[in-house]
Amino acid sequence: MLILIVGSASVFSAQDSASSQWLKDWLKPYQLSARPAADLEGDGIDSELSQLGKKLFFSPDLSLDGRVACSTCHHPEQGGADSLALPVGVSVNDPFLTGQKRLDQLLKQNPDDYERHLIPRNSPTVFNTSLYRKNLFWDGRVQYVGGGTSTRGIKVGGGYSELSPTRYQTDSLLQAQARLPMVSPFEMKGLNDGSHNNIEIHHLIVDRLASNKEWCTQFRLAFPPADEKVPCKEVIRIDAVTQALAVYQAELVFIDNRFFGFLNDKNTLSKSEVAGARLFFTSISDGGGGCSGCHSGQHFSDEAFYNLGVKPLGAGVNGRGLDYGRSNIEPGRPAFSFRTPSLLNISRTAPYFHNGSATTLAEAIRTHIRKKPHKTETVDKQNKNVVYLKRSFETIQKEALQSPFQELLPATLTDQQIMQLSDFLETLTDPCLLDASCLKVFIDDQPIVTPLTKTMTSGKQSSDKQEPSVNKAEILIPSFEKCAAPLGEKPGQNTQWFREVGVEKGIHHIRKVGLIKPGWIMDVINWGGVSSADLNQDCLDDLVFTDNDNRVWVYFQQSDGQFDQQHLSLKNIELEGAITPLVADLDGDYRPDLFLGNDGRFYPQIIYDFIDAPEAFVFSAVSGPALNASFGDLDQDGDLDTVMAFWRTYKSVRQPQIWSNSGYRKMEPASSKLPELRDSYGPVTLNDGLIHQKHEAPVFGGDDFTFTPNFADINQDGVSDILMTADFFTTQLWKNTGSQLQDVTDIREIHGSFGMGAAIADFDNDGDLDWFESSIFSLSQSSSYTGNRLYQNQGQYQFKNITNDSGLRDGGWGWGSCAADFNNDGLLDIFHATGYGNVPKTATYSSQSYKTLATQVLNNHSEFQQSRARLFINLGNMKFSEQAVEAGLSQVIDGRGVSCFDYQQDGDIDVVVSNWEGSPNLFENANPKGNHWLSIRLIGPPGNTEALGAKIRLYTQNGAQFREVRFENNYVSTHSRQQHFGLSKLEKIERLEIDWPEPFSVRTVLEDLQINQRHLVFHPALNQSLQ
């Protein structure tokens, strides 16, 4: 029932306003004191089903690693919540430690960074949740949809689409809601499992319960089987678990309060409480507060979503203190909007709002007062949290003031009136909540705890799913019989170096920008990746793109140079939010796999064998956007591990960056072994030998701004290290000691300002890997836009910043980068994409006001609009010359991802650019000088079939060239692992040495290799001939 009290000034005489009887008479037609209708009625707290639900609610058996129970964050003695602003989930291993004691334990465990272990939303009370009849959760992710009560259904959103009611029994919102916390990594699932999807987690929970005789007895009482011989596992089902939880929570209805008693003549209210009620129920136009316009009905909630301009606290679901709320679930809805909470028992459920930012009722009321944009005092710019929270608050408040959907409290509200409203709200508390003996019946003081050893060993769980088990010896080695013959030496008669041929060759899909929500412009503008790889073993590299429209495009290269476009059909695989298509053989079976990043609407995932028999592995332990990834063998066990990048995601243990390969198509998070991501250290000046941190962007101190991760053996010890190219002065070098990763970044040398893409290669031909980092250069826009970086490897994890003398600094707004010998002269050159600020034609916006703001943000960077690519030609001695225009690369692009590969296998490196908007570009290299070349493709044993980590040294009369076979992440993009060597005018090589990686390390030496050819080289253990 919706109460909108509308009256005229003449209705409220001085005599009436002082009369309690008048208030009762005035409100009587609205039947506020009647028991409100519930979405689900309970069976009585003593019923077998309710008792089972109570047992489940207080047991840690519903959490995968036994660290929490439902009651940990929703305890009856703490108002059905936990009395904390932000809850402490699985980071404390004690399910019976609640509230402030749980937070104290977290502070003891993690005194310096406890905030990143907190769940970013306040625990809502479970009291009276059955009275919500439209939706549940702060963002309404569980909601009724459709028509009337007979035809409507329940929808589950927010990354939980696979838990939809079509797969489960769902009789109520409460039952649908009960499925979600068990699979949420920070709430109940835990942080140590990344190899099971949500459905499998439910199977694991059911398996655990079925292994315990106590649970079998409880479930048989609540769900008596027709035959007593029915095994326990058939009685205990996930639907039975959620039904019992829902029925128990339906009993937690506490509405016997003083206000309802007052309306029924059972008690009186004080003058202040009556005055507060009058303010509450009187419209703003009639001199009241208009509170009942939103806090309406017997439940005191209209269940709609509003942005009140609540100040940020903590990380925020979307990082930097931001939480888009309802618009995360329903794009297009106003950002920062949250469901109207019920006010029943409000005095017992502090702190208030979705992030617990108001500690008292008076503070919560003041937050509702209409006000001008918040003007904060001068803040400490060295405080890594204060500055970004200030800016986020300003963003939230500007959006709130533009919202047409609600009226806030009038600015004329006095302190006395705020106290009166607070006094009235106190009358909505059921006295049972203040009486431990009354609450006792709802609490299980003897919870069932199943030993984890029954269902878990060393972090590995069992489930009904048949785990893949493949013997590497059974994997068939491909014959490459379909390999197209290389074209051999080109005559070198073309005068034009590069020519754009994308549409001509059949590459013509359109990438759309799509929805840009408030705060998203800086996220959305980062996307647009591509991979080149041989997908069908014909030795011609094909192309893979995502288009930001939930589609994957594959272009199969044909022998005549055309591309056959195919929209990849991936049935039963969720592609919503898919970005960053990265191709590699990640399960080691010689068939290409596809990693897809995600913009936060789903999870990152690996689609194994995505061309012929796609099967998804979902990284369900990752919460929020996952921009990028790279792959290599960290532990030298012959399998490929994963490192991820989460640009703009809050640094949190919820975001495991390293995933260990634990077997065929099995990945497990290993982030507990990682060093901390760096806070922004700001520009560095060294004229006095000291590090001066000038950058005001400790504003970004709480976020992970990693862009481009890479595996690379920096010190030539045979073990892959990790290089994290990152934005906002946060680039890092992680040394792999064999047992752990250590941050060995020397910011006196490695201090690029806005690292985007990376090209890691031996630019000086001295036998080790140097590091190029694309960035932003401008003499007018910002003093921090200091351009690209080139770090020369000095050995023993020491790099020297030689940017000033390299000629590489000015790359405009750089993105994807690659190192390749584009003129085949024996020196590695650098290509990188550029572009920023172009106003997209295919974008949509959540509001006209944000469209205006986003357009302004883009136009503020007009210097970078209408950009062209950069081509830096290596002149030797680490000197480079930018020659893009001379080479024919004069076309305007808005590039992001870059892939450099030998299109048509004709002996030169071509480039494909994935643009932020529109069609890709394919730049064909004509090798006009006719220089000679040699290409090598390694075929490794099962597990590491692409021989990542192998070292190749080519010796000629001109000296040596060095390559490490790596998954080269250029920036949300990669290219095939074929290694290309330019030979200038040499007619022969002396020898080629290959050091294969562990655990099957061996050296292969090849002599008299024919030049101007591509050669396939198999690991000696494969007993295959050179091709």
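How many disulfides does the structure hold? This predicted model holds four disulfides.

## Pairing along the chain

A disulfide is a covalent bond between the sulfur atoms of two cysteines. With the bonded cysteines numbered in sequence order, the pairing reads 1-2, 3-4, 5-6, 7-8.

## Cys216 and Cys232

One of the disulfides joins Cys216 and Cys232, whose sulfur atoms are 2.1 Å apart. The pair connects distant parts of the chain, 16 residues apart: Cys216 belongs to helix H9 (residues 213-222) and Cys232 to helix H10 (residues 232-235). Because the torsion about the S-S bond of this pair is about -110°, the disulfide is left-handed. Cys216 is buried, at a relative accessible area of 12%, and Cys232 is buried at 11%.

## Cys483 and Cys539

In the disulfide of Cys483 and Cys539, the sulfur atoms lie 1.6 Å apart. The two cysteines are 56 residues apart, Cys483 in the loop between strands E7 and E8, and Cys539 in the loop between strands E10 and E11. Both Cys483 and Cys539 are buried.

## Cys818 and Cys900

Cys818 and Cys900 also form a disulfide, with 1.8 Å between their sulfur atoms. This bond links strand E32, which contains Cys818, to strand E39, which contains Cys900, across 82 residues. The S-S torsion is about -60°, so this disulfide is left-handed. Relative accessibility is 1% for Cys818, which counts as buried, and 6% for Cys900, likewise buried.

## Cysteines without a bond

The cysteine sulfur closest to that of Cys70 belongs to Cys73 and is 9.3 Å away, too far for a bond. Cys73 is in no disulfide. Cys70 is buried at 14% relative accessibility, and Cys73 is buried at 12%.

Methods:
Residues numbered from 1 in each chain as written. Predicted model: local features only at pLDDT ≥ 70, side-chain atom pairs only at ≥ 80, totals over all residues. Heavy atoms only, no water. Disulfide = S-S within 2.5 Å. Helix = DSSP H or I, 4+ residues; strand = E, 2+ residues; numbered from the N terminus. Buried < 20%, exposed > 50% of the residue type's maximum accessible area, 1.4 Å probe, protein only.
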